[in-house]
Amino acid sequence: MFGYVSRRVLSAIPIALIAVTACFFILRLAPGGPFDGERALPPVTLANLRAHYNLDLPLIQQYFLYVGRLLQGDFGPSMVYNDFTVAQMLWIGLPFTLMLGFSAFIIGTIVGLVAGALSAVNQNKLPDYILVMLVMVGLVVPNFLMAAVLQLVFGVYLDWFPAGGWQNGSIAHLVLPVTVLVLPHAGRTARLMRGSMIEVLGTNYIRTAKAKGLGQRLILARHAIKPALLPVVSYLGPGLSYLLTGSLIVEQVFALPGIGKYFISAALNRDYGLVLGTTILYMFIILAVNLLVDIIYAWLDPKVRYH
Amino acid sequence: MKLTQTLTAVATAGMLSLLMSSAASAVTLNMMNGSEPGSIDPHQASGDWENRIIGDYLEGLMAEDANAEAIPGQAESYEISEDGLVYTFKLRDGVQWSDGTPVTAGDFVFAFQRLFNPATASDYAYLQFPIKNGSEIAEGAITDFNELGVKAIDDKTVEITLEGPTPFFLQALTHYTAYPVPKHVIDKVGDQWTQVGNIVSNGPYTPTEWTPGSYIKSVKSETYWDAANVQIDEVNYFVQDDLAAALSRYRAGEYDILVDIPSDQAEWIKTNLPGQDYFAPFLGVYYYVINQEKQPFDNVEVRKALSMAINRDVIGPDVLGTGEVPAYGWVPPGTANYEGVEPYQPEWIGLSYEERVAEAKTIMEGLGYTASSPLTLQLKYNTNDNHQRIAVAIASMWEQIGVKAELFNSETAVHYDALRAGDFEVGRAGWLLDYSDPSNTLDLLRQGIAQDGATNWGNNYGRYSNDEFEALVDQATTEQDLAARAKLLGDAEKIAMDEVGAIPIYWYIAQNVVSPKVTGFVSNASDIHRTRWLSKSE
Amino acid sequence: MAGLTGKDAVLTEYAKKLETLDAPKGRSLTQDATRRLVRNTAAVISIGVVIAIVLFAFVGPYFLPWTYDKIDWSGIRKPPNFEAGHFAGTDQNGRDMLARIMQGTQMSLIVAGVATLVSVIIGVVYGAIAGYFGGKVDAVMMRFVDIMYALPYILFVIILVVIFGRNPVLLFVGIGCLEWLTMARIVRGQTLSIKEREFVEAARASGASSWAIIFRHIVPNLTGPVVIYATLTVPEIILTESFLSYLGLGVQEPQTSLGTLISFGAPVAETLPWMLIGPAVVLVSLLLCLTYIGDGLRDALDPKDR
């Protein structure tokens with residue numbers, strides 16, 4: 001087990017390095033630079049700025065300088081947000097992104113599992129149709145649209161929840177943004193759960209259990225749920241990654257801090273350091289989540305061996 | 001470990017602020033402030049959203065009143081020499097930083113030296129170039145900072161010497177580039193001085209919390225010299241890029257002031273939030289630049305036809321729905337130091353729109369451009385709802401005169417990169433005046449400066465060039481008599497506009513929305529509203 | 001790494017089943033599968049709706065008095081007006097909304113089609129090569145796929161946009177280049193099992209080259225997974241496009257897309273509701289139907305039930 005985990009962790013390092021390299025060079029291909037604002041900078045100022053951020057060095061030298069610093073845990077300065085280093089920005093934004101992502105993940109998974117299971121048990125009956133319809137709507141409505149609608153209805157007309165912001169960290173501020181994130185995640189989970197549950201309910205051992213006269217609840221609880229969970233669990237890794245990376249629109253609409261928002265503004269402003277920093281952090285999170293899911297999967301499915 | 005600490009800190013801060021807001025009934029102003037501040041260091045800032053924060057925590061020798069006119073700030077009085085070259089400021093008694101350290105003349109000298117220091121690479125240092133040797137130091141030609149025209153006569157007296165008489169200099173001193181910075185803090189912590197915990201203020205407020213991407217909170221500073229007259233206890237400057245969401249939050253009572261509105265909502269706001277709309281002209285021009293190094297745009301007639309065919313009367317009221325005023329000249333109406341100059345009007349102003357189109361069409365046909373063989377050009381703009389609408393409308397107007405405009409939008413950085421590189425035919429630009437003086441917009445059309453074998457055109461993206469215009473503007477910089485100076489600049493404006501050096505489209509309108517709870521908000525030409533003049537009732 | 005709609009998970013499950021059965025059952029839409037699909041009412045209705053939307057988008061514009069880029073100066077921001085021929089109102093530039101919705105639907109379908117096609121081609125070729133040659137080649141190629149899976153998809157899409165600028169086709173070719181991973185995995189698994197079959201052995205014995213075997217014998221057996229993959233990928237690309245539009249990275253004016261229309265409509269939902277309702281209805285029904293069809297196809301082609 002320990003060997004398995006450490007092998008996985010070690011193999012993540014070259015992946016991360018390749019991605020950082022790709023990202024570093026791809027970004028420089030993009031037109032525009034961090035200092036192309038609305039107003040022209042005097043050439044002297046521009047030269048000073050470029051020298052300050054080492055942008056005047058040959059690209060390859062900049063790359064080694066960056067990687068060298070990175071290996072020492074230094075993400076470098078932000079070129080657009082002068083008052084913070086990239087590491088400082090990430091440390092401030094990360095808790096918000098994680099809080100948002102994880103609360104949506106937990107709620108969405110539970111809602112999705114329950115909805116999917118209910119739907120499967122009532123296959124091709126009215127509750128199934130209604131649930132499938134709801135799930136699909138959750139899946140296909142773009143989240144910026146959902147966010148705007150919820151904001152208007154629950155924030156302005158009904159005035160039940162704050163329409164945005166996170167000024168005092170209260171739960172109420174979380175309700176709308178988390179809901180926007182929960183819907184598609186619950187939809188995806190429910191869709192999978194329904195499929196795999198229907199399949200499990202059709203297998204021979206469930207039929208046998210039914211024939212033995214066991215009650216439906218007992219059959220579900222004891223025999224159906226665990227095998228039906230398998231495909232869902234293998235989805236949870238990517239699912240959580242989507243939530244964490246997908247929160248950027250929610251952060252934008254609800255004016256929440258968070259690394260997704262920093263990433264967008266950094267990419268649009270060509271803040272090279274911050275783009276790389278957020279990408280690395282996201283990658284790290286995704287790798288960690290995938291590892292965690294694999295371990296859970298192995299625990300659920302005894303057929304999987306650590307090889 | 002560190003994560004849990006941060007989470008705990010967030011939670012604690014949340015609870016504390018909840019407690020605070022419920023216990024003491026502090027008056028809090030919630031301001032939707034647009035983008036994330038890039039920096040609140042006055043030497044690094046570049047946007048109005050940064051200015052709103054900086055101007056509340058730092059105060060220069062001169063400050064703005066509610067109308068954004070220059071009034072004494074940290075200085076109690078000033079004297080100007082006969083020749084208009086030497087300004088002597090006396091600091092108020094007892095002005096101090098929020099940590100109790102006195103504000104001295106040395107802080108100002110330090111601040112100006114830091115502003116011009118090439119290592120600081122301040123974007124806006126050029127605004128203070130009227131100061132003697134300022135530009136030379138910024139360009140690295142002079143390395144001895146003591147040669148700068150800012151001197152401390154004693155702890156209480158600042159003497160500023162200028163290159164030439166500058167009628168708008170007092171107004172220029174209200175700009176954040178002229179604010180003092182705390183030498184004693186910067187000496188200790190360097191560039192980290194603007195971080196909460198290090199930062200000190202000499203203005204009415206002190207920043208106490210900063211969550212990037214969310215908000216900055218400033219609380220009233222008791223050490224400010226006029227603290228007794230400051231009504232609002234705390235200000236939250238919220239980061240909010242999504243304007244539709246901003247209006248929703250305003251309506252939900254979460255914001256007291258909006259500094260911008262979503263397009264298409266102006267009518268709705270006027271109807272449904274009566275008395276809360278503060279839409280007023282302010283000094284700025286929205287314009288299109290034409291690349292005059294490319295064929296056939298070097299031809300004045302082509303530029304004139306393009307300008308004539310734009311129906312400016314429908315853009316503000318109909319396309320944008322906000323009612324921006326059509327612009328035909330280059331200096332916004334209401335600009336100071338421009339008294340006695342008639343607003344510029346092109347010779348074709350008297351024609352109806354149909355007549356203008358007919359004439360423009362004739363011009364273009366004369367050059368061989370017709371509907372069947374149109375002049376094809378690329379119209380570039382930076383991504384934004386309003387810019388897009390205007391571009392779509394103008395492209396359709398130009399279609400009538402045999403011009404086919406392809407639209408191309410890109411992010412701000414890419415757009416301005418292309419404009420500066422001359423990689424465009426027609427491009428969108430805008431200019432908000434840094435200070436109220438005609439030279440601030442006319443400088444946009446000045447010739448490029450030869451540098452390292454290339455010409456640096458600065459903000460003159462269209463590369464307009466006219467020696468007569470150049471001579472008039474140069475002459476104006478040394479002219480001491482304000483009326484004569486205005487005349488020279490007025491003549492210059494006429495030359496540039498007759499030649500359509502750029503196509504002005506409309507004068508900007510400030511689009512503030514202010515809650516009825518807030519009093520003291522005055523629409524003004526600079527669109528600067530310092531919190532110290534506001535008050536709020538619950 | 002893609003998967004705004006959870007498509008990958010659905011497909012991976014399907015592919016696993018195919019592999020465990022160790023047989024190329026996905027061979028084209030057999031009569032059997034068609035019969036099962038027809039029994040699925042939701043899928044049949046969905047196919048009808050999608051066809052209607054496609055006709056609406058590509059044929060509809062010929063029946064309208066206005067084109068999508070024509071400005072009606074007398075009708076800026078006006079609600080539906082049948083006399084003026086603006087059946088769904090006009091936008092802030094006085095352009096006919098119905099014509100724009102049609103053009104936007106066209107654009108969304110085209111970019112989704114392009115991206116899907118690119119991803120299917122890359123995925124099939126890549127997966128077939130990895131599966132057919134096996135061994136070291138397979139290990140290296142699949143390792144690369146694992147690396148790609150670990151990259152944050154959305155971030156790379158944004159970086160792509162930033163580089164390709166606003167050329168919609170190029171951009172979506174780029175997005176297609178990020179989308180093929182799941183396809184490659186499925187195809188590889190299929191290839192691994194197909195290549196052991198007698199007809200492949202026979203072809204090899206008769207001297208056919210590896211490429212000929214891959215393209216003549218293996219690829220045609222992948223129709224089932226490809227069809228399902230494509231129906232599930234199209235909605236995903238449309239959603240990705242609408243996401244980019246919200247960030248202001250959508251297609252160039254005067255062209256438009258469903259995502260762009262919705263991102264302009266959402267902020268004015270209250271004051272100019274006709275700008276949101278039309279595009280939103282088309283987008284939601286299109287995506288709903290495509291998802292239903294994808295699910296229906298998967299059930300119909302499910303090898304286990306044969």
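**Briefing: strand pairing, helix packing and chain contacts**

In E7(B), the residue B:Glu159 is the bridge partner of B:Lys151. The model that contains this pair is predicted.

- The open sheet of chain B is formed by 4 strands in the order E4-E5-E7-E6, with antiparallel pairing.
- Strand E4 (75–80) and strand E6 (150–154) of chain B are the edge strands, each of which pairs on one side only.
- From one strand to the next, the twist averages 25 degrees.
- Packed on the sheet is helix H3 (residues 105–116) of chain B, which touches strand E5 (86–91), E6 and E7 of chain B. The direction of this helix makes about 165 degrees with that of E6(B).

**A helix pair in chain C**

- Helix H3 (residues 41–58) and helix H13 (residues 274–300) of chain C have axes that come within 8 Å and cross at roughly 135 degrees.
- H3(C) is therefore oblique to H13(C).
- The crossing of these two helices, H3(C) and H13(C), is left-handed.
- On the H3(C) side, the contact is made by C:Ala42, C:Ala43, C:Ser46, C:Ile47, C:Val49, C:Val50 and C:Ile53. H13(C) contributes C:Val282, C:Ser285, C:Leu286, C:Cys289, C:Leu290, C:Tyr292, C:Ile293 and C:Gly296.
- By class, the contact of H3(C) with H13(C) comprises 12 nonpolar and 3 polar residues, with no charged residues.

**Chain A against chain B**

- In this pairing of chains, 53 residues of chain A are in contact with 56 residues of chain B.
- Helix H2 (43–52), helix H4 (86–121), helix H6 (143–157), helix H9 (216–253) and helix H10 (259–269) of chain A each supply at least two residues of the side that touches chain B.
- H2(A) gives the most to that side of chain A, with 6 residues.
- The residues on the side of chain A that touches chain B divide into 26 nonpolar, 20 polar and 7 charged.

**Chain C against chain B**

- Between these chains, 17 residues of chain C are in contact with 19 residues of chain B.
- The side of chain C that touches chain B has 8 nonpolar, 6 polar and 3 charged residues.

Key:
Residues are numbered from 1 along each chain as its sequence is written. Chains are lettered from A and ligands numbered from 1 in the order in which they are written. This is a predicted model: local features need pLDDT of at least 70, side-chain atom pairs count only at pLDDT 80 or more; totals for chains, interfaces and linings use all residues. Two residues are in contact if their C-beta atoms, placed from the backbone, lie within 7 Å. Ala, Val, Leu, Ile, Met, Phe, Trp, Tyr, Cys and Pro count as nonpolar, Asp, Glu, Lys and Arg as charged, and the others, Gly among them, as polar. Axes are lines fitted to C-alpha atoms, for helices over the stretch in contact, and angles run from 0 to 180 degrees between N-to-C directions. Angles under 35 degrees count as roughly parallel, over 145 as roughly antiparallel, 65 to 115 as roughly perpendicular and the rest as oblique. A crossing is left-handed if the near helix is turned anticlockwise from the far one by less than a right angle, and right-handed if clockwise. Two strands pair if DSSP finds at least two bridges between them.
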